[in-house]
Amino acid sequence: MMRMHPHALLLLLFLFSVLAGGANAEPSRELTYKDCHPDDKAVLLSFPESWSSSWTPDTPCCDWFAVACDRSTGRIVGFSVFQDPDFTGTIPSAIAGLTHLQDLFLHHLPGLSGPIPPEIGKLSNLSRLEISWTGVSGPVPSSLGALKKLAQLNLSFNSLSGAIPVSLGTIPGITLSRNRLTGAIPNMFLGESAGRDVYLDVSHNNLTGAIPAEFAAVNFTHLDLSRNALTGDASGLFGRGKELQYIDLSRNAFDFDLSGVVVLPEKLFHLDLSHNAIHGSIPAQVADVANLLAFNVSYNRLCGAVPTGGNMARFDLYNFQHNKCLCGAPPPLPARTRWIILWVLTE
């Protein structure tokens, strides 16, 4: 009988144990982006039929319309629907069950109606929330201010009403334009935004009263308060060294002295102060703001000479018309006006 070398015997025993272990082991399963967490799937299937009619329960919900998943966990992190006239109904409060949701985007959905459910304020991982160009109505939920990770909030072009909740002041990017909001911008709104760049657009509403004194210390990069009924002194919004690039205060009732007090930020490229009750004179510094591409002070109570030189050749009569007593060399007429006059004279 042939005797096996001890080393060979040990090698055979080792190989046998590996093969046996492999045969008994459970096959590994890597989670793919098509897998869907059962908790999230249950939430989606609780949505109204107008939202879920295209979803098939026996298919992976990460493949469903409007749904985006984290590829490594299968949790739903995004939900987006846009430009769909057949998408109707109200926003279900059950959406708060998608606890890992980071991005909620509902845009240009005329059939979407009803209020914004306050339960959305429970989506603690949400970083962007947009519900725009829809038929949603009712108040802006104050619970949205509890979303500490929310960087962008866009609720524009809806039928929202009531006051702006002061709790939203922790969000650095806010667009509430083209709604039916009323009342004053609340005191201390954005008062906790020190050290952060802030984007705020509340234009085309029915807001009244003075702007909060705290706005003078807010580091706005974009500020649009146009087409409201705001009053008082807005000169504190300006100042050397500020990051302000775009500001529109037009069609309000602001009343302050533009001369001497107002220093324009160096990065400013858009300034519209038209249709207010602003007095004083136009600061000579306007001509030296190199990036200024849009400048309009028409329909105010300004006097004195219009600055010349620098960038002033970019602006024409339209930007200065209907003031109390502006003087100096007249700015050129708009190109279209010049063409009309030339056409009339040559007929």
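Trainee: Which sense do β10 and β12 pair in, and over how many bridges?
Mentor: They run parallel, and the pairing covers 4 bridges. Two strands count as paired if DSSP finds at least two bridges between them. Strands are DSSP runs of E with at least two residues, helices are runs of H or I with at least four, and both are numbered from the N terminus. Before we go on: this is a predicted model, where local features need pLDDT of at least 70 and side-chain atom pairs count only at pLDDT 80 or more, while totals for chains, interfaces and linings use all residues. Residues are numbered from 1 along each chain as its sequence is written, and side-chain values use heavy atoms, with hydrogens and water left out.

Trainee: Okay, what stands opposite Leu200?
Mentor: Look across to β12 and you'll find Leu223 there.

Trainee: New topic. Which residues touch the most other members in the largest nonpolar core?
Mentor: That core has 85 residues, and the ones touching the most other members are Leu44, Phe79, Leu106, Ile120, Phe215, Phe220 and Leu237. A nonpolar core means buried Ala, Val, Leu, Ile, Met, Phe, Trp, Tyr and Cys residues joined through side-chain atoms within 4.5 Å. Buried is under 20% relative accessible area, exposed is over 50%, and partly exposed is in between, using a 1.4 Å probe and protein chains only.

Trainee: Which elements give two or more residues to this core?
Mentor: Helix α2 (38-45) does, along with β1 (67-69), β2 (76-82), β4 (103-114), β5 (128-138), β10 (198-201) and β12 (220-224). The top giver is β4, with 4 residues.

Trainee: What is Leu106 in contact with, leaving aside neighbours within four places in sequence?
Mentor: Its partners are Trp51, Phe79, Val81, Ile91, Leu112, Glu130, Ile131, Ser132 and Thr134. Contact here is heavy atoms within 4.5 Å.

Trainee: How many aromatic pairs does the structure hold?
Mentor: There are 13. Rings of Phe, Tyr and Trp (its six-membered ring) pair if their centres lie within 6.5 Å; planes under 30 degrees apart are stacked, over 60 edge-to-face, and the rest tilted. Take Trp55 and Phe79: their ring centres are 6.4 Å apart and the planes sit at 90°, so they are edge-to-face.

Trainee: Where do Trp55 and Phe79 lie?
Mentor: Trp55 is in the loop between α3 (49-52) and β1, while Phe79 is in strand β2, so the pair ties together parts that are 24 residues apart in sequence. Trp55 is buried at 7% relative accessibility, and Phe79 is buried at 1%.

Trainee: Which residues do ring pairs link into a cluster?
Mentor: The cluster is made of Phe47, Trp51, Trp55, Trp64, Phe79 and Phe87.

Trainee: Salt bridges now. What does the count come to?
Mentor: It comes to 4. The rule is a side-chain nitrogen of Lys or Arg within 4 Å of a carboxyl oxygen of Asp or Glu. In one of them, Arg75 meets Asp40, with the closest N and O atoms 3.1 Å apart. Arg75 is in the loop between β1 and β2 and Asp40 is in helix α2, so the pair ties together parts that are 35 residues apart in sequence.

Trainee: Are Arg75 and Asp40 buried or exposed?
Mentor: Both are buried. Compare Asp103 and Arg128, another salt bridge, whose closest N and O atoms are 3.1 Å apart. That pair links strand β4, which holds Asp103, to strand β5, which holds Arg128, 25 residues apart. Asp103 is partly exposed at 25%, and Arg128 is partly exposed at 26%.

Trainee: What about Lys267 and Glu243, how do their side chains meet?
Mentor: In a salt bridge, 2.6 Å from N to O. Lys267 lies in the loop between β15 and β16, Glu243 in the loop between β13 (229-232) and β14, 24 residues apart.
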